[in-house]
Amino acid sequence: MAQTAATLEKLVALCKRRGFVFQAADIYGGLNGVYDSGPLGTLMKENIKSAWKQSLLRHLDKDILFIDGALLGTESMWKASGHLENFHDPLVECKACNARFRADDIDLNGNCSRCGKKDWSEVREFHLMFKTQLGASVEQSSTAYLRPETAQSIFVNFKNVLSSNRVKIPFGIAQIGKSFRNEVTPKQFLFRMREFEQMEIEWFCTEEEALSAFAFWREERKNFYTALGVTNEKVHLRDHTQEELSHYSSATCDVEYEFPFGFKELEGIAYRGNYDLTQHSTCSGKDLSVFDEKKAASFMPHVVECSVGVDRLFLTLLFDAYAEEETESGPRVVLKLHPTIAPIKAAFLPLVDKLSEPLLQAYRKLRACGHSVQFDSSGSIGKRYRRHDEIGTPFCFTYDYDSEKDNTVTVRYRDSMKQERIAIDAIESFIKNTSPFLDKLC
Ligand code: GAP
């Protein structure tokens with residue numbers, strides 16, 4: 001089978017056509033860098049998030065607790081974290097057409113990609129946080145910011161979590177939630193957005209444990225992508241140079257994926273030292289150190305952080321899974337998503353409408369168990385197979401005229417398109433024993 005790779009344009013079109021992702025406020029002309037998830041996108045994102053959670057919880061020797069922090073934070077909190085001072089990107093403006101760009105995204109020796117002229121402004125720092133005012137007050141104390149990363153709500157809650165749970169250092173606090181960045185140039189669809197979701201874990205440990213924890217999480221996080229079926233050669237680890245390190249980090253490594261626009265960061269793994277807890281301790285006046293009973297002394301825990309965007313991973317998985325293939329029955333677009341990630345796990349397709357009833361019963365049993373399955377009886381069977389290929393459904397059950405005689409259905413496998421017959425009564429046990437419903441990432 002000849003294969004054609006994905007382009008960004010093709011993925012954007014597929015996402016809209018099949019209801020994965022829509023531009024936010026589409027009917028009003030859209031909001032740049034902001035997207036809504038459609039029905040299939042919502043299911044797929046849920047699957048991504050539960051795969052991530054599961055990849056953390058499978059370590060029975062590690063305590064990992066989950067929180068769900070607020071999106072708004074005080075000015076004092078963002079000052080302490082260093083974001084108010086450091087969280088900006090270099091901005092440059094074309095003086096001829098007023099288009100604005102991230103200065104590190106373009107060649108300032110070249111011409112403006114919008115108007116073709118070369119008349120650049122000075123490069124200046126553009127702050128990336130969204131600022132707002134709480135209530136009707138205009139005092140400084142009522143200023144709040146939408147969080148640009150979920151990590152800080154973990155740090156400011158460190159002591160709350162520690163004292164309300166039976167955990168000891170080392171342990172992790174993890175969180176999935178929205179973050180907001182007023183990116184100068186949101187681009188490449190879900191790659192760089194202004195509102196996006198992050199999945200972050202902060203691993204709290206002693207200074208002595210930190211480097212081996214960093215080495216552990218580096219490998220662990222890369223393995224997560226392999227377990228999700230992402231093409232091995234397209235994922236690698238890249239250590240940051242000294243100049244690249246963020247204001248808080250003493251060592252950082254990116255998991256990078258080879259997008260059509262080059263190898264780019266998918267996830268960041270950072271050894272943050274004890275920067276954050278020390279800052280919040282100093283600035284809030286609340287002691288966030290931990291007492292070591294053996295040493296009879298307090299210490300400020302060190303932190304290794306793993307941080308990945310749900311939406312960036314979503315885009316990565318789509319790129320990796322997308323294929324256009326020539327088949328005996330014509331061309332098809334197929335999303336070869338890992339069954340754990342596929343939004344619909346199985347489709348129930350009677351050959352014609354009047355053969356619906358027996359299959360409908362099998363479908364209802366699975367729906368009642370909470371499985372994400374679909375029943376579809378309209379249109380030609382070939383078109384229905386194509387639709388399910390395109391949304392990544394791992395297999396389809398079809399009830400045809402032979403089914404009436406021998407109470408069997410065909411199972412069609414998405415990737416190989418092979419078909420085999422099984423008894424209609426065996427669908428439930430087939431599903432119980434088959435990967436899309438069982439696949440764990442360990
Ligand atoms: N707490 C550390 C932190 O936020 P980051 O490298 O700025 O580090 C971590 O972000 C991850 O969040 C990135 O690797 C990426 O997957 C995702 N991410 C960051 N900015 C994003 C954006 N504008 N749009 C989509 N995803 C983004």
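How many residue pairs are in polar contact between domain 1 and domain 2? The count is 4 residue pairs, both residues being at pLDDT 80 or more; a polar contact is a pair of N or O atoms within 3.5 Å, where within protein one must be able to donate a hydrogen and the other to accept it, and residues adjacent in sequence count only if both atoms are side-chain atoms. Keep in mind that this is a predicted model, where local features need pLDDT of at least 70, side-chain atom pairs count only at pLDDT 80 or more, and totals for chains, interfaces and linings use all residues. Residues are numbered from 1 along each chain as its sequence is written, and side-chain values use heavy atoms, with hydrogens and water left out.

**The domains**
- The protein chain is split into domain 1 (3–73 + 129–318), domain 2 (88–127) and domain 3 (344–441), with bounds that come from an automatic or database domain assignment.
- Taken over C-alpha atoms, the centres of domain 1 and domain 2 sit 29 Å apart.

**Where domain 1 meets domain 2**
- Here 7 residues of domain 1 are in contact with 8 residues of domain 2 (contact means heavy atoms within 4.5 Å).
- The two domains bury about 660 Å² between them, 52% of it on carbon and sulfur atoms; buried area is the accessible area (1.4 Å probe) that two parts lose on being put together, summed over both.
- There are 3 salt bridges across this interface, a salt bridge being a side-chain nitrogen of Lys or Arg within 4 Å of a carboxyl oxygen of Asp or Glu.

**Salt bridges**
- Side chains of opposite charge can pair when their charged atoms come close.
- The total count comes to 35 salt bridges.
- Glu-197 and Lys-45 make one of them, at 3.5 Å from N to O.
- That pair links distant parts of the chain, with Glu-197 in strand E12 (residues 195–205) and Lys-45 in helix H2 (residues 39–57), 152 residues apart; helices (H or I, at least four residues) and strands (E, at least two) are DSSP runs, numbered from the N terminus.
- Glu-183 also forms a salt bridge, with Arg-102, and their closest N and O atoms are 3.9 Å apart.

**A spot to look up: Asn-32**
- You'll find Asn-32 in the loop between E2 and strand E3 (35–37).
- Leaving out residues up to four places away in sequence, Asn-32 touches Gln-23, Pro-186 and Arg-194.
- The C-alpha atoms of Asn-32 and Val-373 are separated by 33 Å, and the two residues are 341 residues apart along the chain.
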